[in-house]
Amino acid sequence: MKSIKTISLLFLILATSIASAQVKFEATVSKKKLGINERLRIDFKMNKDGDNFSPPSFADFDVVGGPNTSLSNYSRNGVRSYSKTYSYFLAPKKRGKFTIKQATIEIDGETYKTFPITINVTAAVSAPNGNASASEIASENVHLIAEVSNTDPYLNEAITVVYKLYVSLETTVTGWREKDNPRYNDFWSQNIEVKGFDVKNGEFKGKEYRYVVLKKVVLYPQKTGALKLEPLVLDVSVEVPTKRRDIFGRPLMTKVPKIATAGSRTINVKPLPEQGKPSDFKGAVGDFSFKVTTSKTQLNATESLQAKIEVAGKGNLKLFELPKLNVPTSLEVYEPEHQENVRTNLSGMQGNISDTYTIVPQFRGKYPIPSISFSYFNPKTESYKRMSSDEIVIDVLEGPTAAINNAENTTANVKQSVNTNANSFAFIKTTTDLTSVDTSQFFKSKGFWSLILLPFLAIPLAIVIRRKTDERNADVQGNRTRKADRLAKKYLGEAKKALGQKETFYLALEKALHNYLKAKLNIETSDFNKEKIEELLVKRNVEATVVSDFISILENCELARYTPITQVTMKNDYDKAAQTISLIDKQLK
C-alpha cells in the first residue's frame, strides 16, 4: 500500500513538471467585432521568456499605442509561474473583415507562432470605447455633429446635411482626417465646396464652444420610407490639459488621438400623394415655371427653326424628363439638344433645363404645334401644379404644295381626295417586243483571256519582290539603322510639333529622351541622373562620344528653361537628339 502511494506521488510530480515545461505563446484580442471608431487591444502572451519577438504587420490598422510590456514572475508552493505580455492598441483604417497574421518568437531555440485572428470592423458605434483619462477628456470636449435641414421630406425633395466639429474652449484640435465617408445610399447627392475652415463661436448643449463647418451635402431621397444616413468618421488630434502646470501656472497640454463620429441619422421619406396626381406627371418636385417657344413662326420650306421646351425654377431639375414635342407629320423633326444650366447650393438645385428641337418643314402651308403640358409637385403647398403652353402655328410661305385639297388647313391627320383618271386601266398586251439588254458574251472575250494569263504574269513579279525582301532582311546593319530612325521619330514626335515654343519644346524633348531610356534600359524615373545614365550606356558598349552628346542634350534641356533660345538652336538640338538616339540604338548590345 505504501509503494502504491509512493508511485502515485512520483507520477503526480512528473505530470506537474511536464505541464510546467510546456511552452505557450498565444494572441488574444479585447473583441473580435468593433466599430470603426473604436480601439482594439491585442496581447501576445508567453509563459517562458524568449528572443526575437516579431509582431504581425497590422496593415489594416493604425498602431495608436504600444508595444507595452508587462512581466509576471513568482513562485507559490514551490511552483514557479512566469508570464510576459506584449500589448498593442490598434485603430481600424476602414470597414470590413481583416485578418491579423501570426506573430513569432524564439524560445529555447524553437520558433513559436500565434494563430491568425479575424476581426470584423463595422460602421461607427454611438458609444466607442476608451481607456485613458486624457481620451475621456477629449471625448467630452470634442463633438462632430450632422445638422439635417429636414428629417421627413417628400420623395425627391432637397435636404441638406452640414457637418460641424465643435471644440470646447479648454481643448484644442491640431488636425483631422476623414476616416470613413458616408455613402448616401438611396440618395442623389452633391457636395458643396467649403472654402476655408472659419472658426466661429456657438453653443452646444448649453455650453460655449468653437466650431468649424467641415462639409456640406445636398441630398435628394430616391426611395420612400426610413432611410439611414451613415455617419461621417474623423480621426482627430486633440490637445487636452493635464494636472501639471508650467512655471507660469498654466496647465500643460498633452496630445491624444480621438475618433469623432457624427452618428447615424434616420430620414423618414414621405411618398408623393396619389390624390390629384396628373396623368402627365414625371417626377418633378419643387417650384417651377414652364414655357414653349420657337425661334420663328414664318419661314420657307426646307428652312429650319428651333422649338425650345424649357423648365426653370428650384427643385430636382436633373432628376426628371421634360415633356416631348408633338408636331404634324409634314414637319421633319430632329433629336433634341438637351441643355442644363443648374447650380446647386444649400437650398438645392436652381436654374433651368431645356430641350431644343430643330424643325424643317417640307411643304407650304400652316402647321399647328399643339399645346404641351407640364406637371410638378410643390412640397411647400403639398399639392400638384399643372401648366400648359399655347398652341403655336408655323406658317410656311413658299415651297412645294402637298397633294391635298386644302393645304392651308394642314394637320397631322388629313384625308387626301382621290382624283379619277380615264387612263387608270389599260388593255393587257398579248404580244411582246423585247430586246436583249447585254448582247456581248464574256467567254473568249479579251477580259476572259486577261484573267487566264494574269496569274502566269504575276509569278515573275512575285519572285522579284521575294528576292528584294530577302535582300532587305539580310541587310542587318540597314535594318538596325531603319529601326533606329523609326524609334527616333516615334519618341521625338511631340517635340517636333512644339518647335518654336521654347518651354514646351524642351519639356517634350526631355520627356522623349527619358521615355527612350526607360524603354531601352529598363530604368525608372527615380534613377534618372547623368552619372547613372552614362554608366549604363557605357556598359552597353555605346561609344563615349555618343554618350557625351546624349548628356549634353539633357543639359541643354535644363539650361533652356532659364536662358533665351532661338528657333535655330531648337532645330539643331532636335536634329542632334534624333541622330544620337539612332546611334545609341545601333550600338546598344
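Axes here are lines fitted to C-alpha atoms, for helices over the stretch in contact, and angles run from 0 to 180 degrees between N-to-C directions. Helices (H or I, at least four residues) and strands (E, at least two) are DSSP runs, numbered from the N terminus.

On the side of helix 5, the contact is formed by K502, F505, Y506, L509, L513, Y516 and K520; helix 8 contributes T569, M570, D573, Y574, A577, I581, I584 and D585. Contact means heavy atoms within 4.5 Å. Sorted by class, ten of the residues in this contact are nonpolar, one is polar and four are charged. In this scheme Ala, Val, Leu, Ile, Met, Phe, Trp, Tyr, Cys and Pro count as nonpolar, Asp, Glu, Lys and Arg as charged, and the others, Gly among them, as polar.

## Basis of the model

The model is predicted: local features need pLDDT of at least 70 and side-chain atom pairs count only at pLDDT 80 or more, whereas totals for chains, interfaces and linings use all residues. Residues are numbered from 1 along each chain as its sequence is written, and side-chain values use heavy atoms, with hydrogens and water left out.

## Helix 6 and helix 7

The axes of helix 6 (residues 530–539) and helix 7 (residues 544–559) come within 10 Å, with a crossing angle of roughly 155 degrees. These two helices are therefore roughly antiparallel to each other.

The residues K530, I533, E534, L537 and V538 of helix 6 meet V547, F550, I551, L554, E555 and E558 of helix 7. This contact of helix 6 with helix 7 comprises seven nonpolar, no polar and four charged residues.

Three strands make up an open sheet in the order 4-8-9, and their pairing is antiparallel. Two strands pair if DSSP finds at least two bridges between them. Strand 4 (51–54) and strand 9 (110–113) are at the edges, each with a single partner strand, so one side of each has no neighbour in the sheet. Direction ignored, neighbouring strands of this sheet are turned by 25 degrees against each other on average.

Strand 4 pairs with strand 8 in the antiparallel sense over two bridges, and S54 has T104 in strand 8 as its bridge partner. Strand 8 (residues 104–107) is joined to strand 9 by four bridges, again antiparallel; here I107 has E110 in strand 9 as its bridge partner. The hairpin of strand 8 and strand 9 has two residues between the strands, and D108 takes a positive phi near 55 degrees. In a regular strand the side chains alternate between the two faces of the sheet. Buried means under 20% relative accessible area, exposed over 50%, and partly exposed in between (1.4 Å probe, protein chains only).

Seven bridges link strand 13 to strand 18 (residues 233–245) in the antiparallel sense, and G175 stands opposite S237 in strand 18.

V256 belongs to strand 19 (residues 251–261) and is buried, with a relative accessible area of 9%. Leaving aside neighbours within four places in sequence, V256 is in contact with A134, A138, V236, S237, V238 and V240. The C-alpha atoms of V256 and V240 are separated by 7.5 Å, and the two residues are 16 residues apart along the chain.

## R265 in strand 20

R265 is located in strand 20 (residues 265–269) and counts as partly exposed, at 30% relative accessibility. Not counting residues up to four places away in sequence, R265 touches A146, V148, T151, L227, K228 and L229. L227 is 38 residues from R265 along the chain, and their C-alpha atoms are separated by 8.4 Å.

How values were computed: Angles under 35 degrees count as roughly parallel, over 145 as roughly antiparallel, 65 to 115 as roughly perpendicular and the rest as oblique.
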